[in-house]
2 protein chains.
Amino acid sequence: MEIEGRSARKRRAIVEAARTVFLRSGYAGASMDEVAALAEVSKQTVYKHFADKERLFTEIIVGDIKTTEERSDEIIESLPASDDIDGDLRALGRQIVVNVMQPRLVRLRRIIIGEVDRFPDVARTWFDSAPGRSYAMLADRFGTLHSRGLLHTPDPMLAAQHFLWLVLSIPMNKAMFEVDENPFTPEELERFADEGVRVFMAAYGR
Amino acid sequence: MEIEGRSARKRRAIVEAARTVFLRSGYAGASMDEVAALAEVSKQTVYKHFADKERLFTEIIVGDIKTTEERSDEIIESLPASDDIDGDLRALGRQIVVNVMQPRLVRLRRIIIGEVDRFPDVARTWFDSAPGRSYAMLADRFGTLHSRGLLHTPDPMLAAQHFLWLVLSIPMNKAMFEVDENPFTPEELERFADEGVRVFMAAYGR
DNA sequence: ACTGAGAACTGGACGGTCCAGTACTATGTT
DNA sequence: AACATAGTACTGGACCGTCCAGTTCTCAGT
């Protein structure tokens with residue numbers, strides 16, 4: 001078993017500290033001294049591992065996005081294919097809303113939106129990965145369900161977007177403007193999911 | 001007729017310059033020197049009218065929010081009450097999406113989201129005014145239409161939120177992560193509106 | 001197991017830059 | 001005269017990124 005060397009250990013500490021600091025203070029609000037201090041590492045070491053603040057930010061955020069992406073993939077792939085489409089979608093909607101409304105993700109989203117001008121590539125990566133990939137995976141499922149006659153989704157991509165936003169947009173939009181990243185209880189979130197799915201089924205149900 | 005005095009004229013120039021600069025560069029990116037230069041005013045004069053950068057920002061942004069609010073009110077109030085609910089809502093949806101997706105408003109939205117931590121009050125003002133007020137006004141209309149049997153919206157507030165986000169969330173979410181604030185043509189936007197209204201009517205019609 | 005070389009790290013100082021906000025004098029306006 | 005503004009220099013502070021002298025770690029070669 002490979003033991004993590006000193007350099008790798010320091011690097012991990014830096015990444016973790018940077019994640020904390022950037023998520024807490026945003027890009028402009030974060031200082032490299034703060035990162036170094038929290039990582040218990042000298043500033044020089046930070047600059048040995050990362051060329052500058054922009055690259056550190058980019059790596060941290062893109063890393064977080066990838067993690068998020070994997071989790072979302074799991075959730076959508078777990079969508080069962082029972083006869084009870086309505087129940088299946090309700091379960092899916094609940095999982096999605098609870099997952100996406102995690103305070104950490106809400107903060108991440110806010111920071112990326114605030115830095116679109118400075119980091120357009122990060123924003124694009126987020127969009128392709130966070131909602132974009134879910135759109136595509138869900139559209140794929142809806143396409144299948146349509147051809148099996150279980151849903152009426154002739155435009156599966158549009159249906160997928162409608163589904164996700166029916167479930168998410170009310171709490172997400174509110175959270176964008178609240179200091180408290182998740183002002184809803186899990187029960188409230190699940191209600192948003194259920195009501196969203198109800199509307200979805202009225203329009204797209206068999 | 002009251003002639004605008006010198007002081008008032010300068011103040012207006014400062015406000016306009018500040019609006020331009022803040023919308024272009026955000027709060028942190030904007031500099032007071034830049035504002036003074038664009039307003040063709042000395043920095044001292046800026047500080048004569050506004051105590052500090054934070055207050056200048058707040059006044060500018062809140063002012064813009066109010067303007068937006070009035071425009072939104074007009075649009076929702078113009079919702080006709082004909083027998084053709086479906087057509088009326090489609091017209092409303094189109095107006096809303098085109099109005100809300102103005103590049104200026106999209107930028108404003110991004111800036112406010114990015115500054116939630118520093119300016120929670122501004123964010124709250126935005127939320128209460130921009131989506132919040134529309135929710136309430138629309139919910140009021142839906143309540144009336146429900147009791148007249150023209151819609152089935154027992155929870156008018158929820159229906160109003162579903163309506164607005166069915167129409168808006170797809171383009172708005174994409175625009176949040178694009179450098180180009182409005183990556184859609186008016187035709188595409190209207191299609192989002194129409195499709196959103198279709199889903200809405202399937203769930204809440206009759 | 002020992003050693004020596006080189007890489008990585010520390011800690012602190014520091015230059016350079018940017019910028020909010022102030023001070024001060026001269027000029028213009030009412 | 002009284003007040004507002006211009007113009008400009010200045011202060012104070014934050015912070016990125018660099019530099020350097022001295023220390024610690026790692027690992028290959030013996």
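Student: In which helix of chain B is Gly132(B) found?

Tutor: Helices are DSSP runs of H or I with at least four residues, numbered from the N terminus. Gly132(B) is found in helix H7 of chain B, residues 120–147. Before going on, note that this is a predicted model, in which local features need pLDDT of at least 70, side-chain atom pairs count only at pLDDT 80 or more, and totals for chains, interfaces and linings use all residues. Residues are numbered from 1 along each chain as its sequence is written, chains are lettered from A and ligands numbered from 1 in the order in which they are written, and side-chain values use heavy atoms, with hydrogens and water left out.

Student: Is Gly132(B) buried or exposed?

Tutor: Buried means under 20% relative accessible area, exposed over 50%, and partly exposed in between, with a 1.4 Å probe and protein chains only. Gly132(B) has a relative accessible area of 16%, so it is buried. The C-alpha atom of Gly132(B) is 9.2 Å from that of Gln161(B), which is 29 residues away along the chain.

Student: What does Ser169(B) touch?

Tutor: Contact means heavy atoms within 4.5 Å. Not counting residues up to four places away in sequence, Ser169(B) touches Trp165(A) and Ser169(A). Ser169(B) lies in helix H8 of chain B, residues 156–176, and counts as buried at 5% relative accessibility. Its side chain also reaches the backbone oxygen of Trp165(B) at 2.6 Å.

Student: Which residues have the most contacts inside the largest nonpolar core?

Tutor: In soluble globular proteins, nonpolar side chains tend to be buried together. A nonpolar core is a set of buried Ala, Val, Leu, Ile, Met, Phe, Trp, Tyr and Cys residues joined through side-chain atoms within 4.5 Å. The largest one here has 146 residues, and Phe163(A) and Phe163(B) have the most contacts inside it. Beyond its neighbours within four places in sequence, Phe163(B) is in contact with residues including Leu89(B), Ile96(B), Phe142(B) and Phe200(B).

Student: How many residues surround DNA strand C?

Tutor: A residue is near a strand if one of its heavy atoms lies within 4 Å of it. DNA strand C is surrounded by 18 residues, with Ser42(A) and Lys43(B) among the closest. A polar contact is a pair of N or O atoms within 3.5 Å.

Student: Which residues come nearest to DNA strand D?

Tutor: Of the 20 residues around DNA strand D, the nearest are Met32(A), Lys43(A), Gln44(A), Ser42(B) and Thr45(B). A polar backbone atom of Met32(A) is 2.9 Å from a phosphate oxygen of DNA strand D.

Conventions:
A polar contact is a pair of N or O atoms within 3.5 Å; within protein, one must be able to donate a hydrogen and the other to accept it, and residues adjacent in sequence count only if both atoms are side-chain atoms. Helices (H or I, at least four residues) and strands (E, at least two) are DSSP runs, numbered from the N terminus.
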